[in-house]
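Reader: I have a new structure open and I would like to learn how to read it. Could you go through it with me, one feature at a time?

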Amino acid sequence: MITPYDCVVVANGSFPQTDRPLELLKNAPVIIACDGAVQNIHERGLAPTAIVGDLDSIPQEMLERYADRIHVVEDQEINDLTKAVRFAHASGYQKILILGATGLREDHTLGNISLLMDYAPLFHRVEMMSDYGLFLPLLHTATLKSEPGQQISIFSMYPCGEITTEGLRWPITHRRLTAWWQGSLNEAVGTEFTLTLSPDARLIIYFQTPPPA
């Protein structure tokens, strides 16, 4: 399997169970783990390249086993996911996939998804995948790949910005989305769709994983 990412960051949320994220993790050239995710990674026969965090969630056995690759970051103003993502950026990686950042506590899920806006300027590509779909941040006008009938949701993080869509079943034209629900539950009609953003628009796009054929 050829992976489109040069690094996978694994957070301590719901560990992936479905084939696509697990395959990407298995084939990742580099795995950077938040300290609480190390046990799950190890139990699947994989080894993290680096472990980042304040070490409040890592079992003692894992701490000893992987002592040579631990990077302690004590900063309490940022969460462990951000510590790991910043470590990936400082290490020079530019195509990042984040796993395990959703599920379990809903407040962690919402916070982690919103952090994609902070991460987007740091990388050429940064995406967040769960067992159900894929989130990606969008800072500029873009045409994105899709599958006909694929469910698409658009979340505006800067409601002062205007967006226009082409290629979705329910078009949006020069509109400001002032609440998260307003751009949700749309649908791709073809193999791509275009989102035109005003200079002050910032979006997070969600692609639902198509069901198995």
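**Pockets, a helix and a sheet**

Author: Gladly! Let us begin with a pocket: in the second largest pocket, H5 gives the largest share of the lining, four residues. Please keep in mind that this is a predicted model.

Reader: Which helices each supply at least two residues of that lining?

Author: They are helix H4 (80–90) and helix H5 (106–114). The second largest pocket holds about 430 Å³ of space. Its lining has 25 residues, and Asn-12, Asn-79, Asp-80, Leu-81 and His-108 lie nearest the centre.

Reader: How many residues of each class are in the lining of the second largest pocket?

Author: There are six nonpolar, eleven polar and eight charged residues. Now try the largest pocket, with about 690 Å³ of space. It is lined by 31 residues, and the closest to its centre are Tyr-5, Arg-125, Glu-127, Leu-134 and Leu-136. Here the classes are 18 nonpolar, eight polar and five charged.

Reader: Which element gives the largest share of the lining of the largest pocket?

Author: That is E7, with five residues. Helix H1 (19–26), strand E6 (125–129), strand E7 (133–138) and strand E14 (203–208) each supply at least two residues.

Reader: H1 is a helix, so how do I read its faces?

Author: Start with the general idea: an α-helix has 3.6 residues a turn, so residues three or four places apart point the same way. In H1, the buried residues are Pro-21, Leu-24 and Leu-25. Looking down the axis of H1, you find these buried residues within an arc of 100°, so they line one face of the helix. Asp-19 and Lys-26, on the other side of H1, are exposed.

Reader: What do the buried residues of H1 pack against?

Author: They pack against strand E1 (7–10), strand E2 (31–34), strand E5 (95–99) and E6.

Reader: And in what order do the strands form the sheet?

Author: Ten strands make an open sheet with mixed pairing, in the order E4-E3-E2-E1-E5-E6-E7-E14-E9-E12. Strand E4 (70–72) and strand E12 (186–187) are at the edges with a single partner strand each, so one side of each has no neighbour in the sheet.

Reader: In which sense do E7 and E14 pair, parallel or antiparallel?

Author: Their pairing is antiparallel, over six bridges. To find one of these in your view, look for Gly-133, whose bridge partner in E14 is Gln-208. E7 and E14 also each supply at least two residues of the lining of the largest pocket.

Notes
Residues numbered from 1 in each chain as written. Predicted model: local features only at pLDDT ≥ 70, side-chain atom pairs only at ≥ 80, totals over all residues. Heavy atoms only, no water. 1 Å grid on protein atoms, 1.4 Å probe; cavity = no way out; pocket = protein on both sides within 12 Å on 5 of 7 lines; lining within 4 Å. Points joined across faces, edges and corners; volume = space filled by probe spheres on them. Nonpolar A, V, L, I, M, F, W, Y, C, P; charged D, E, K, R; others polar. Buried < 20%, exposed > 50% of the residue type's maximum accessible area, 1.4 Å probe, protein only. Arc of directions from axis to C-beta. Contact = heavy atoms within 4.5 Å. Pairing = 2+ DSSP bridges.
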